[in-house]
Amino acid sequence: MRIGIFGTGGMADALGTQWARAGHDLVVSGRSDPAALAGRLGAATGTWRETAAFADVLLLAIPAGAIGDVLAAAGPLPGKVLVDCTNDPGLTGTPVASRIVTDAHVVKAFNLAHVDVWRMTPPVFDGRPLSVPLCGDDPAALEAVSTLVRDVGAKPVRAGGLDRAALLEATAAFAIGLWFAGEDAQAILTPVS
Ligand SMILES: NC(=O)c1ccc[n+]([C@@H]2O[C@H](COP(=O)([O-])OP(=O)(O)OC[C@H]3O[C@@H](n4cnc5c(N)ncnc54)[C@H](OP(=O)(O)O)[C@@H]3O)[C@@H](O)[C@H]2O)c1
């Protein structure tokens, strides 16, 4: 797959490392010089627009508040898959994905686990592989992102259309708030039996 990564921070590094290992072709764009991350990933660098033109799949690994400006700079994205891992920075549960204006096929994914989890190879907890909920409307886009989830060593879970992405974002806000408060958020979502 040809993957463009918007951002050079923790999530770009963690997921980019996994996808480079899986053999995908990567191009990285950043507000700061993306050369260091691209070097680690064996990737090329590009402007927002060059990376968008190259990619079949684009990862938004930037703050939610920067999405509008970055997508405007990237230009039209017809038929591209846009993976949105962003969370509302205030952790208020304010929807992000539903406010993204684009002609790409948006898939909400990778927003629920901490960046260190995305560095695990593979992310397995008590013998259970991490499950990664995906929200999106386009079947081919969901299939592409499912492949990228499996490349991380995790299990994709189809969690409904993009209209349900706000639930994923609210879940992240709720769980992260509990982690920050020192609670064991994982203990809340118990197995059925
Ligand atoms: N960290 C986590 O555990 C985690 C988990 C799940 C989801 N997320 C989400 O993933 C996204 C990225 O998180 P991260 O942890 O990778 O953050 P990060 O390490 O702080 O990296 C953020 C990246 O976005 C760039 N950026 C910041 N403001 C920008 C702007 N106005 N325009 C363009 N680029 C800008 C930064 O560039 P500079 O280097 O120039 O500042 C950097 O490349 C966030 O939306 C976050 O909510 C994070």
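User: Let's start with Phe110. Where is its place?
Analyst: This is a predicted model. In it, Phe110 sits in the loop between strand 6 and helix 5.
User: What is phi of Phe110 near?
Analyst: Phi of Phe110 is near 65°. That is a positive value in a residue other than glycine.
User: How many aromatic pairs does the structure hold?
Analyst: The structure holds three aromatic pairs. One of them is formed by Trp19 and Phe110.
User: How is a pair like that described?
Analyst: A pair of aromatic rings is described by the distance of the centres and the angle of the planes. For Trp19 and Phe110, the centres are 5.6 Å apart and the planes make an angle of 70°, an edge-to-face pair.
User: Which parts of the chain does the pair link?
Analyst: The pair links distant parts of the chain, 91 residues apart. Trp19 is in helix 1, residues 10–21, while Phe110 is in the loop between strand 6 (105–108) and helix 5 (115–118).
User: New topic: the ligand. Which residues come nearest?
Analyst: There are 22 residues around the ligand, and Thr8, Met11, Arg31, Ser32 and Ile62 come nearest.
User: How do the residues of that shell divide?
Analyst: The shell has twelve nonpolar residues, nine polar and one charged.
User: Which polar side-chain atoms lie by an oxygen atom of the ligand?
Analyst: Arg31 has a polar side-chain atom 2.7 Å from a ligand oxygen. For Ser32, a polar side-chain atom lies 2.3 Å from an oxygen atom of the ligand.
User: And the backbone?
Analyst: A polar backbone atom of Val115 is 2.8 Å from an oxygen atom of the ligand. On its own, the ligand has 900 Å² of accessible area, and the protein covers 70% of that.
User: Which pocket is the space taken by the ligand?
Analyst: The ligand takes up the second largest pocket.
User: Last one: what kind of peptide bond joins Thr121 and Pro122?
Analyst: A cis peptide bond, with omega at about -5°. Pro122 is in the loop between helix 5 and strand 7 (124–125).

Conventions: Residues numbered from 1 in each chain as written. Predicted model: local features only at pLDDT ≥ 70, side-chain atom pairs only at ≥ 80, totals over all residues. Heavy atoms only, no water. Near = heavy atom within 4 Å. Polar contact = N/O pair within 3.5 Å; in protein donor to acceptor, adjacent residues only side chain to side chain. Areas by Shrake-Rupley, 256 points an atom, 1.4 Å probe, with all protein chains shown as cover. 1 Å grid on protein atoms, 1.4 Å probe; cavity = no way out; pocket = protein on both sides within 12 Å on 5 of 7 lines; lining within 4 Å. Sits in = over half its atoms within 2 Å of the grid points. Nonpolar A, V, L, I, M, F, W, Y, C, P; charged D, E, K, R; others polar. Phe/Tyr/Trp six-rings, centres within 6.5 Å; stacked < 30°, edge-to-face > 60°. Helix = DSSP H or I, 4+ residues; strand = E, 2+ residues; numbered from the N terminus.
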